[in-house]
Amino acid sequence: MKKIKILSILAALALSFAACDKIDSDQYVVFSGAYGTWENSEATIPAIQRAFVEKYTGVRCVNCPKADEVLHASAEKYGESLVIAAVHAPNNFGKPLHKDPDLRIEKGGVWFNEFFSVSQGLPCALLNRANGSGNLDIIQPTASFDEKIDAVLGQTPQVSLICKSSCVKDLNYNAEVHLQFNQSVSDQLTLTLFVIEDKIYTWQDKNGEGEVENYEQNHVLRQVITDAWGVDVEADGNQGTKRKVALSYELRSDCNAENCHLIAIVSNKANKQILNAAECKL
Amino acid sequence: MKKFILSLVCLTMAGIALAQNATLPQNITIKALDGSSVQTSALQNDGKPMIISFWATWCKPCNRELNTIKEVYEEWQEETGVKLIAISIDDARSATRVKPHVNGNGWEYEVYIDQNQDFKRAMNVVNVPHTFVVNGKGEIVWQHTSFVEGSEEELLEIVKKAAAESAE
Amino acid sequence: MKINYKHYTLLALMACAGLGANAQGIMGGHVTGNIQLDGQISSADSIIGAQDVPEKLLMNARADILYTNGDFSAGMRFEAYQNPILGFNAKYKGQGIANYFASYNGERLSVTVGNFYDQFGSGMILRAYEDRYLGLDNSLLGIDVVMRPFDGVTIKALAGKQRYYWEYGAGLVRGIDGEVNFNSIIKSMADSKFRFTMGAGFVSKYEDDQTIPYPENPSFKLNLPLNVGATAIRADLSYGNWGLQCESAFKGQDPSIMNDYIYRKGQAQMINLTYSQKGLSANIQAKYVDNMSFKSVRSESGEMLYINYIPSITKQHTYAFLSMYPYATQTTGEMGLQADLMYKFKKETLLGGKYGTDIHLNGSVITGLDTSRIGGAGTYGYTTAGFTPGELYYADASLEVAKKLNSKLKLTCTYGYQIFNPIVEGHHGDLHHNHVVVGDLTWKLNKKNVLRFEAEWMGSDSKYDSNVDDKRCGDWIMGLVEYNFTSAWFVSLSDQYAYNDGVGNYYNLSVGYTHGATRLQLGYGKQREGLLCIGGVCRQVPASNGLTFSLTTSF
């Protein structure tokens with residue numbers, strides 16, 4: 001009996017030594033957050049200037065639905081020339097109502113805190129993060145808002161870009177961005193990529209109506225694929241240079257890919273001003 | 001420089017301790033030809049001398065040595081009571097060939113396999129063949145590396161001397 | 001500085017233990033050891049592959065010092081490579097205490113702390129060993145416990161990190177193994193003709209995570225298993241003249257540079273059947289290895305840090321031309337068969353003559369596995385078609401006849417045929433087909449003077465091609481004369497010459513002196529790397545050109 005006891009203790013010890021990790025076939029590779037290398041591009045990149053509006057909003061912000069209406073009208077008017085992201089602010093305005101999912105994300109908070117003070121009221125917005133444009137009062141009638149957009153779209157683009165998205169499998173996506181220097185640019189540029197999602201239905205506090213169920217949130221910033229301030233564009237910056245980069249990421253599992261878009265923005269690294277933007281379906 | 005001094009100290013210590021004959025290391029596990037484990041303390045010959053020969057199946061001089069001694073082993077045993085213990089250092093590549101090799105050659109020696117080379121290390125064996133003579137008290141009285149035809153005569157002289165000492 | 005003061009503390013403790021024991025009047029213990037010096041004064045020779053040596057003198061030195069007192073022992077090893085001789089990795093350059101341990105060896109329990117060597121079964125999942133002539137040292141630094149709770153049962157448990165030149169690999173190796181000899185534990189089997197031993201072991205390796213990019217898509221990385229386990233089970237049975245050994249090993253997912261980071265599991269199977277009686281022995285062996293390279297550091301591609309050891313089953317030849325193309329196990333996948341037959345024709349028979357005749361037949365075939373590729377890194381890798389053979393890697397057959405002609409002359413004649421696929425050494429190319437004939441004559445002039453002659457010929461369909469630079473190609477002849485004066489002195493002169501389709505002329509003069517366990521050997525000439533058996537010993541030698549010297553001594 002004693003022998004059996006000793007042997008069974010040893011067998012148990014043996015099993016504890018026999019640690020062996022098992023990895024399922026769909027888990028052999030995981031996203032590493034590493035970026036692809038920059039290469040020269042052969043793609044045709046039209047020299048189009050677009051405008052990027054980031055709107056800071058919140059489900060507890062009663063005036064925000066008004067801003068949505070203004071933006072919606074502009075979106076209809078400008079079509080692809082206007083690229084929009086709705087960032088749920090990292091404060092109590094953005095806190096979910098009832099049992100809704102939280103639409104705030106960390107890197108959206110990084111942006112907000114960079115451009116606004118803690119006491120900033122909502123809604124507020126930025127257009128191309130341009131110097132002096134400051135906070136756009138987007139509760140103003142559409143006309144005043146559109147004026148500013150027209151001014152941006154009237155410029156000749158220094159840099160233009162296109163983005164492409166493809167699904168590798170399941171939630172693994174490839175993003176590819178091609179950009180072209182239409183003029184020589186000496187400043188270091190960065191490229192930031194993120195995903196927005198339309199048609200998310202949540203509770204929303206609305207001026208005069210109180211809490212409304214199934215309010216449609218559009219252009220919601222869901223996932224920033226790069227760092228909050230992007231990755232360096234590796235290019236000599238000479239006029240005519242065309243560069244491309246590919247990178248892969250895993251989409252958040254609570255996103256509905258059908259309603260998602262990929263947005264790429266090219267910014268000046270020093271002053272964060274946006275030079276141009278592009279959007280494509282995921 | 002420190003290292004050299006320390007090494008020298010160690011070697012000096014070694015020299016002092018060398019004044020005595022080393023004995024066979026005990027409790028080192030080797031394998032018998034049937035696969036069972038044996039402790040080196042079991043290597044005994046009732047107070048008579050032993051020859052311990054490290055060899056390998058692939059080593060030609062080793063095989064020449066063991067085959068040469070085979071021819072005269074019976075005479076040696078009668079004369080001195082000596083027992084030859086052959087320790088194979090074959091590793092996994094050839095260890096399974098040791099038993100057929102021994103039987104095929106008709107060696108009447110006690111043969112063990114030191115696959116993990118613990119015994120080889122404990123006995124400071126560098127090359128094979130390496131042969132030791134152990135007297136009746138278990139002391140190592142002689143060792144030699146290499147084998148050439150004819151050198152078995154020298155080995156016999158040593159064994160005779162060890163046997164005479166044991167008989168005293 | 002390769003060593004730290006912890007080592008000295010340990011040495012001091014060991015010394016004190018020894019002195020203390022002396023003071024108390026307990027048996028004083030013994031210090032034994034061995035010293036080895038190997039040196040080369042070498043000049044470059046592109047023809048034989050000896051590299052240029054700016055230092056002119058290369059020397060390896062090592063000394064093992066072992067202190068034993070009853071059940072206690074302790075030891076250390078000093079190594080110096082200033083600079084390493086050819087054939088040794090340049091990472092060995094330096095000197096210091098490479099190895100130290102203290103050990104208690106009781107009847108029922110052995111414990112070793114420090115550097116230790118051990119193996120489970122034949123080593124298919126774990127073998128910490130060293131080969132001093134090849135510059136291999138996989139010793140584990142840690143603790144090794146061996147228990148023999150009752151007769152016939154052995155249990156080993158160990159944990160440690162593997163030596164990597166002057167450092168230790170980052171992977172942690174842990175293992176446990178048990179072995180039962182049924183003839184010892186079951187009384188009724190004690191004297192049975194049926195002998196039966198069984199064993200099983202587990203080994204687990206832990207290594208920290210690291211980023212290995214997924215080559216298909218650089219933004220993805222491999223999801224690496226941090227713990228890799230391997231297990232093996234073995235049995236050794238014999239009944240009278242028959243013997244059967246089998247061992248079966250399995251390894252979990254272990255993506256590494258050795259298998260191109262695939263997630264396939266590994267396995268190895270080995271079976272060996274022997275029959276022997278006086279004057280006759282036969283054995284047949286089969287082996288199957290699939291993805292069994294097991295290292296403690298996944299990114300190590302060299303010869304170090306192997307946890308396991310899967311030997312080649314081909315015969316270890318000792319004649320120069322027969323061993324010119326040594327076959328090395330392809331741990332990523334191979335299967336093979338080997339058969340060996342030895343027969344002694346009795347004295348006073350037709351073939352036996354006055355003194356008897358020994359014949360020795362050997363053959364082996366090794367092939368790759370029949371695999372279908374799925375993908376590279378980050379995939380399952382490949383599938384196999386079971387035990388069906390793939391591409392031929394190696395085959396050989398040899399016949400050796402040894403005959404004592406009279407009381408003074410002994411002749412050994414060998415014929416060997418080999419097929420060698422250069423893919424096993426990582427090159428693509430045609431198969432080499434070689435015929436080798438060896439004649440080996442020993443002439444005992446009298447009790448003290450022995451002459452030995454060796455003549456070898458190799459005919460090969462391979463031709464030397466400077467792009468591939470395989471210096472073994474072509475047709476070769478060799479002659480060797482060796483004179484021994486007792487076992488103390490020897491002189492040997494040899495020459496290997498490529499007379500057709502090859503390059504090279506390896507002439508060598510060696511002189512050796514042996515006294516007891518001290519041996520000094522001097523050589524001059526060109527030396528091919530490989531197993532060299534002259535002057536009554538066998539040792540592995542590196543390629544060299546120039547003067548070589550070697551001193552070994554044990555005390």
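User: Over which residues of chain B does pLDDT stay under 50?

Analyst: This is a predicted model, in which local features need pLDDT of at least 70 and side-chain atom pairs count only at pLDDT 80 or more, while totals for chains, interfaces and linings use all residues. Residues are numbered from 1 along each chain as its sequence is written, and chains are lettered from A, and ligands numbered from 1, in the order in which they are written. Chain B averages a pLDDT (the predictor's confidence in each residue, from 0 to 100) of 85, and 87% of its residues score at least 70. The stretch with pLDDT under 50, for which the model has 12 contacts beyond four places in sequence (a contact being two residues whose C-beta atoms, placed from the backbone, lie within 7 Å), is residues 11-19.

User: Why should that stretch be read with caution, and what is it that should not be read in detail?

Analyst: The contacts of residues 11-19 of chain B belong to a stretch where pLDDT stays under 50. Where pLDDT is low, what should not be read in detail is the predicted coordinates.

User: How many residues does the largest nonpolar core have?

Analyst: A nonpolar core is a set of buried Ala, Val, Leu, Ile, Met, Phe, Trp, Tyr and Cys residues joined through C-beta atoms within 7 Å; a residue is buried if 20 or more other C-beta atoms lie within 10 Å of its own, exposed if 12 or fewer, and partly exposed in between, with C-beta atoms placed from the backbone. In the largest core, the residues with the most contacts inside it are Trp55(B), Ile85(B), Ile87(B), Ile125(C) and Ala268(C), and its residues number 93. Apart from it lies another core, which includes Phe112(A), Ile149(A), Val195(A) and Leu247(A) and has 65 residues. The number asked for, that of the largest core, is 93.

User: How many residues of chain C are in contact with chain B, and which strand gives the most to that side?

Analyst: On the chain B side 57 residues take part, and on the chain C side 76. The chain C residues divide into 19 nonpolar (Ala, Val, Leu, Ile, Met, Phe, Trp, Tyr, Cys and Pro), 13 charged (Asp, Glu, Lys and Arg) and 44 polar (the others, Gly among them).

User: Is Ser460(C) buried or exposed?

Analyst: Ser460(C) is found in strand β24 (residues 449-460) of chain C. Leaving aside its neighbours within four places in sequence, Ser460(C) is in contact with residues including His432(C), Asn434(C) and Cys473(C). Because 24 other C-beta atoms lie within 10 Å, Ser460(C) is buried.

User: Which residue follows helix α2 of chain A?

Analyst: Helix α2 (residues 64-78) has 15 residues and reaches 21 Å from its first C-alpha to its last, close to the 21 Å expected at 1.5 Å a residue, the expected span being 1.5 Å times one less than the number of residues. Among its buried residues are Cys64(A), Val70(A) and Leu71(A). The residue that follows, with a positive phi near 60 degrees, is Gly79(A).

User: Which residue is joined to Pro123(A) by a cis peptide bond?

Analyst: Pro123(A) is in the loop between α3 (106-115) and β5 (124-127) of chain A. Its cis bond has an omega of about -5 degrees, and the partner is Leu122(A).

User: Is Lys272(A) buried or partly exposed?

Analyst: Lys272(A) is in the loop between β14 (260-268) and β15 (274-281) of chain A, and has a positive phi of about 65 degrees although it is not a glycine. With 18 C-beta neighbours inside 10 Å, Lys272(A) counts as partly exposed.

Conventions
Helices (H or I, at least four residues) and strands (E, at least two) are DSSP runs, numbered from the N terminus.
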